[in-house]
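Visitor: I'd like to learn how to read charged pairs and pockets in a model. Could you walk me through one?

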Amino acid sequence: MNNNFSATKIYLFIEMAASTFFPMIFVASSLYRVTVAGLTPLQLVLVGTTLEISAFIFEIPTGIVADIYSRRLSVIIGYILMGLGFMVEGFFPAFLPILLAQVIWGLGYTFTSGATQAWISDEIGEDKANKLFMRAARFGQYAALLGTGLAVLVGGENIAMPIRWGGMGVLLIGVILILTMPESGFKPTPREDRDTWGQMVHTFKEGIQAVHARPRLKTILWIGLFYGLYSEGFDRLWVKHLIDSFELPAFFMGNQVAFFGVLRAIGTVLTIIAMRSMEKRIDTSQPQAIGRAMLIVTGLISISLIGYAISPLLLLTMGIFLLIMVLRRVAIPLYTSWVNQKLDSGTRATVLSISSQVDAIGQIAGGPGVGLIAKLVSVVAAISTSGLFLTPALFLVGRANAQSREQVEAENETENPIY
């Protein structure tokens, strides 16, 4: 019981600390790339594509490392690398160093992706972990407000400063975890059986088999692909669209970091309210409940993306952006809980890493095309295309919900056979 309490506190620390420093960085990074580094729309998208290619290449090997060696070690390495990557970007405002930074922090991210969720699931149990994902996501929004405020505070005179200080903070998370993070629920592969590549290939195959054995899980991963397809273009171009299409309100007196910081802070407050409501209304142990919520969230995101692109009014565009921001943040813990259900401990991190890699494939596939549309046509056309990319996911969410119903009916028949 004490160990469960300790692991829960450490997980909440990880989420809240990361939720402080990542927004601090991201409030400034898109603006930094447009105004300080002077990247073109195509270069902006290529920066994101480089990040996703790194995630694609490293996601499975790092997930397997977490399943064979240590989830704790994997998470620690990840935060240290991510911090270093952000610092490279913050100190070198040019296209090639920013590309290098994406490779470094992309590698670091893959060490944490899957491993963090698998670690806490092993320490406190799957059902408790699924509830904790929603709780931590809500608490993380409070921390995001702090991070946004810090970005505005330190970035008014120098847009690079939030990225530099945020990178140092992310690195510090890894250092603190060296001293505090427990690991008692995970049983690593015995040293004599580790030969490494053979065991990695074996674990990867088991992860693939786990996906194939669960038709609903396979469908959910396809949904993740379309989430990846749409997200890259929007993530890289929404700031440029606002700057190019509208005059920012005069009372910000040219402080663009403050404008985007306030916009994100409002979105964070709205997300906190939405998260609290979701926690009360959705039973994350029930896949059908998650599926119904994902159907609504997915449809609204798709419509809102097109609305954001074509809106002629600044206030309306800002309102649509806030809706998109809230919906996307709500979707993350829902989707994680959806994938995490009924996974075997030995392949949990690998399956969760496969989920992240599917998202990366989508972003790699969708990003360059959207970037070319932005270059050859317009940023408005590119963001509208991103909205269209998400629409096939609606069919897949419906399919996953049908498979959930079939699975429940089959389980009921097994428990209550008719003779």
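This is a predicted model: local features need pLDDT of at least 70, side-chain atom pairs count only at pLDDT 80 or more; totals for chains, interfaces and linings use all residues.

Visitor: Which residue does Glu 232 meet in a salt bridge?

Guide: First, the general idea: side chains of opposite charge can pair when their charged atoms come close. Here the partner of Glu 232 is Arg 236, at 3.0 Å from N to O. Both sit in helix 9, four residues apart, about one turn of the helix. Arg 236 is buried too, with a relative accessible area of 15%.

Visitor: How many salt bridges does the structure hold?

Guide: There are five. One of them joins Asp 235 and Arg 328, with the closest N and O atoms 2.7 Å apart. That pair links distant parts of the chain, since Asp 235 is in helix 9 and Arg 328 is in helix 12, 93 residues apart. Asp 235 is partly exposed, at 23% relative accessible area.

Visitor: Are Arg 71 and Asp 122 buried or exposed?

Guide: Both are buried, and their side chains form a salt bridge of 2.3 Å, N to O. Arg 71 lies in helix 3 and Asp 122 in helix 5, so the pair ties together parts 51 residues apart in sequence.

Visitor: And what about pockets?

Guide: Rolling a probe the size of a water molecule over the atoms shows where empty space is left. In this model the largest pocket has about 210 Å³ of space. Its lining includes His 212, Lys 218 and Trp 222. Helix 9 gives the most to that lining, with four residues. By class, the lining has eight nonpolar, one polar and one charged residues.

Definitions and conventions:
Residues are numbered from 1 along each chain as its sequence is written. Side-chain values use heavy atoms; hydrogens and water are left out. On a 1 Å grid over the protein atoms alone, a cavity is a set of points where a 1.4 Å probe fits but cannot get out, and a pocket is an open set with protein on both sides within 12 Å along at least five of seven lines; lining residues have an atom within 4 Å of a point. Grid points are joined across faces, edges and corners, and a volume is the space filled by probe spheres set on the points. Helices (H or I, at least four residues) and strands (E, at least two) are DSSP runs, numbered from the N terminus. Ala, Val, Leu, Ile, Met, Phe, Trp, Tyr, Cys and Pro count as nonpolar, Asp, Glu, Lys and Arg as charged, and the others, Gly among them, as polar. A salt bridge is a side-chain nitrogen of Lys or Arg within 4 Å of a carboxyl oxygen of Asp or Glu. Buried means under 20% relative accessible area, exposed over 50%, partly exposed in between (1.4 Å probe, protein chains only).
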